[in-house]
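Trainee: I'd like to walk through this protein with you, one question at a time. Can we start with a loop and then zoom out?

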Amino acid sequence: MAAHRKPKQRSLSGHTARTAATIALAGAASATAFDGTGHADPRLSPAEVKSKVDALYREAEIATEKYNGAKEKSQSAEKSLGELRDEAARKTEKLNSARAGLGSIAAAQYRSGGIDPAVQLALSSDPDQYLERAALADRADSRQAAVVTGVQKQLQEIDQLHTEADGTLAHLKSRQAELEKHKKTVNGKLDAAKRLLSQLSGDERAELTGADRASRAADRDGVSGAAAKAPNSRAAAAVSYAYKALGSPYVWGATGPNAFDCSGLTQAAYRSAGVDLPRTTYAQIATGERVPRSQLQPGDLVFFYQGISHVGLYVGNGQMIHAPNPSAPVRLAPISQMPFAGAARVA
């Protein structure tokens, strides 16, 4: 039977060795690129940067509105918790007074020798005094029983308040955790946008935001005309406030008077007119009367994107005033600039 020999291992040399070395180096370079070390991203054009930054700002705005909603719920829970604790403190004070009353009754009984009232009355030698004391004893017993019942009821009420407070505290902690989550998301998106913008030269960044400055400067005097066309004094006051806010910085979570996010601006504008709006875009669109785009009037709230994540204040002639994003302060802009989602008349 023929012997099976192990094939002889051939060494690499010459052209084959050089080819293998080239492949190995290429593989190492690819691995480095995937690791994200020693590799620079290709320079993006200003148009590509703008597209990516706009997308990041949109995502940050969605997270901002979620943050605003969680903050509103957190503040409500905090207020409820304070009210529950105050009520529990008042009831505890009342309970302590009732307990003190019971203590006085017990002390009186101790001083009388702790003898059952019926026995004391039976030992009396004066029938009239016996009857008088019997009536007093009955009233005292009734009063004592009522105090005891009241104390028991107050204990139950206080226990219920503590249970409600515990539930509200748990709700508050949940909202605070949600706040922190949305805050982290917003900051992450804004930091990513800032890094992208840093790739551009000063002139390129100015070109991207130049239209914003032009829109802020345009038609500041239009406030009087827009206010005059408003359907009522409240809408006119909101429009006037929005014009005065032109140029104010965008700060996420801000509601004025010196900085705003989109729903913070509309809320502040109507607050100046004596109208309370909810904090978030998706709550504001549910307030007031829905109106079609063809029937918009100055003072109407105009909403954008499928998730109702952006809002502005309509001022007439197809224009709105809104707080767009951190790279653009409060400005005048056409409502055709973004996907229109609906409108509401709140005044």
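Trainee: Okay, where is Y305 found?
Mentor: Before we dig in, remember that this is a predicted model. Strand β2 covers 301–304 and β3 covers 310–316. Y305 is found in the loop between β2 and β3.

Trainee: Is Y305 buried or exposed?
Mentor: Look at its relative accessible area, which is 18%. The cut-off for buried is under 20%. Y305 is below that cut-off, so the word is buried.

Trainee: What is phi of Y305 near?
Mentor: Y305 is a residue other than glycine, and its phi has a positive value. That phi is near 75°.

Trainee: Let's switch to pairing. Which strand does β2 pair with over 4 bridges?
Mentor: The two strands pair in the antiparallel sense. One of the bridges has F303 on one side and G342 in β6 on the other. So the partner of β2 over those 4 bridges is β6.

Trainee: And what is the bridge partner of E289 in β6?
Mentor: Strand β1, residues 289–290, is joined by 2 bridges to β6, residues 340–345. Those strands run antiparallel. In β6, E289 has as its bridge partner R345.

Trainee: On to another loop. Where is N325 found?
Mentor: Find β4 at 319–322 and β5 at 331–334. N325 is in the loop between β4 and β5.

Trainee: Which side chain makes a polar contact of 2.6 Å with that of N325?
Mentor: N325 is buried, with a relative accessible area of 14%. Leaving aside residues up to four places away in sequence, it touches Y57 and Y250. The 2.6 Å polar contact joins its side chain to that of S327.

Trainee: What backbone oxygen does the side chain of S248 reach?
Mentor: S248 is found in the loop between α7 and α8. It counts as buried, at 12% relative accessibility. Not counting residues up to four places away in sequence, S248 touches N258, F260, P329 and V330. At 2.8 Å, its side chain reaches the backbone oxygen of A245.

Trainee: Which peptide bond is cis, with omega near 0°?
Mentor: Stay in the loop between α7 (233–244) and α8 (262–271), where you'll find P257. The cis peptide bond runs from G256 to P257.

Trainee: Time to zoom out! How many helices and strands are there in the protein?
Mentor: The protein has 347 residues, and buried residues make up 35% of them. As for helices and strands, the protein has 9 helices and 6 strands.

Trainee: What share of contacts between residues at least 6 apart in sequence joins residues at least 24 apart?
Mentor: Begin with the contacts between residues at least 6 apart in sequence. Then pick out those that join residues at least 24 apart, and the share is 66%.

Trainee: Last one: how much of the accessible surface belongs to carbon and sulfur atoms?
Mentor: The accessible surface of the protein comes to about 20600 Å². The part that belongs to carbon and sulfur atoms is 53%.

Conventions: Residues numbered from 1 in each chain as written. Predicted model: local features only at pLDDT ≥ 70, side-chain atom pairs only at ≥ 80, totals over all residues. Heavy atoms only, no water. Buried < 20%, exposed > 50% of the residue type's maximum accessible area, 1.4 Å probe, protein only. Polar contact = N/O pair within 3.5 Å; in protein donor to acceptor, adjacent residues only side chain to side chain. Contact = heavy atoms within 4.5 Å. Areas by Shrake-Rupley, 256 points an atom, 1.4 Å probe, with all protein chains shown as cover.
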